[in-house]
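Okay everyone, thanks for coming.

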Amino acid sequence: MESDQLTELILALQMIKGVGPKTVLKFFETVKPQMILDNFQNMHRNTIINKRINEGVLDYQEWKLLLEKARHLIEKSRKLGIQVLNYQDDAYPANLRSLNHYPLVIYVKGNLEALQGPSVGFIGTRRPTELGYKMAERMAYQFAKDGLTVVSGLSIGTNTAAHRGALNAGGTTVAILGESLEQPIYPKENVDLAQEILDNGGAIMSTYSLGAIVRRQFLAARDEWESGLADGLVVVETDQNGKTESALQHAFKQGRPVGMLDHSQCPKIDDIMQIEQAIGNQEFIRKRRAKPLWDIESLHEFEKTMAKSRIEFLNKSKRHKRLAEIRLF
């Protein structure tokens, strides 16, 4: 089966109500994708889809329309300069495929190679302290200078500082968005930054197909892929509403190494507990769930930790790809 055929099939299946990535992969364990395209009767072999068929929601003509819609979506995306990758494509990010749960199709603008190299993710509050903003920029600068791709979410505050630091170092950075890639850049303050990322060999990625406008739940879902795409995650400062901690929990579940800005090493700070954005960091550092980051030595140590973990992620990704190939073909 050709790559485009598999992509079309995945997209069409996910257009059926109640069918998501897990259902699709389970379906592929039961019946080979080509068999689904060859004979509509094989659609009955999935419980959820069979229910839709029996309810009269899905018949052969409707299924043909979904496949046609998927094909049109791919063609239109490419005309807009958006590359569409399925999880079996060689250009699909190996780190994402190493996860137990990963998007079956992603959409990318820019340099696909930026999704593959050693990388570090950055998260943090949209309202960092002056110290937090400067340190996010400096740490991203150093990581980029050392050859790592900086991954973040293009939000204002911490994300902006991280992307900017990587660009200042002449490095590569990737932004993951919570809307489809033909939509206006959100936030609008970072329209120029998004273009800079593309102009300097970086990439912009989304898991959302054409027509998906930015939504709060999409931005929250995006957090999972920021850490998933990277070899490790840097938390600069936490926020009051818990969004940063939510993203952090994804990194823990994924087994990503976590580093955090250690405000206690700043001689200008008398009482850390008076800095709300620093309290969460200190708690995770104290419990040794995160490595303290401050000077260049600590950043280099974190790079070594990420490099070791990267080997495990890549091996896991290869196993997932081989297993999927067995099921598909």
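This is a predicted model: local features need pLDDT of at least 70, side-chain atom pairs count only at pLDDT 80 or more; totals for chains, interfaces and linings use all residues.

**Strands, then a helix**

Now zoom out. Those strands sit in an open sheet of nine, with mixed pairing, and the order is S1-S2-S6-S5-S4-S3-S7-S8-S9. At the edges you've got S1 (83–86) and S9 (291–293), each pairing on one side only. From one strand to the next, the twist averages 30 degrees.

What packs on the sheet? Helix H1 does, touching S1 and S2 (105–110), and its direction makes about 85 degrees with that of S1. Helix H7, residues 130–145, packs on it as well. H7 touches S3, S4 (149–152), S7, S8 (258–261) and S9, and its direction makes about 170 degrees with that of S3.

Okay, over to helix H4, residues 47–54. Which of its residues are buried? Those are Ile49, Arg52 and Ile53. They span an arc of only 100 degrees around the axis, so they end up on the same side of H4. Helices H1 (3–14) and H2 (21–30) are among what covers them.

Last, the ends of H4. Asn46 caps the N-terminal end, with a side-chain oxygen 3.1 Å from the backbone nitrogen of Ile48. Just after the helix, Gly56 takes a positive phi of about 85 degrees.

Key:
Residues are numbered from 1 along each chain as its sequence is written. Side-chain values use heavy atoms; hydrogens and water are left out. Buried means under 20% relative accessible area, exposed over 50%, partly exposed in between (1.4 Å probe, protein chains only). Helices (H or I, at least four residues) and strands (E, at least two) are DSSP runs, numbered from the N terminus. The arc is that of the directions from the helix axis to the C-beta atoms. Contact means heavy atoms within 4.5 Å. A polar contact is a pair of N or O atoms within 3.5 Å; within protein, one must be able to donate a hydrogen and the other to accept it, and residues adjacent in sequence count only if both atoms are side-chain atoms. Two strands pair if DSSP finds at least two bridges between them. Axes are lines fitted to C-alpha atoms, for helices over the stretch in contact, and angles run from 0 to 180 degrees between N-to-C directions.
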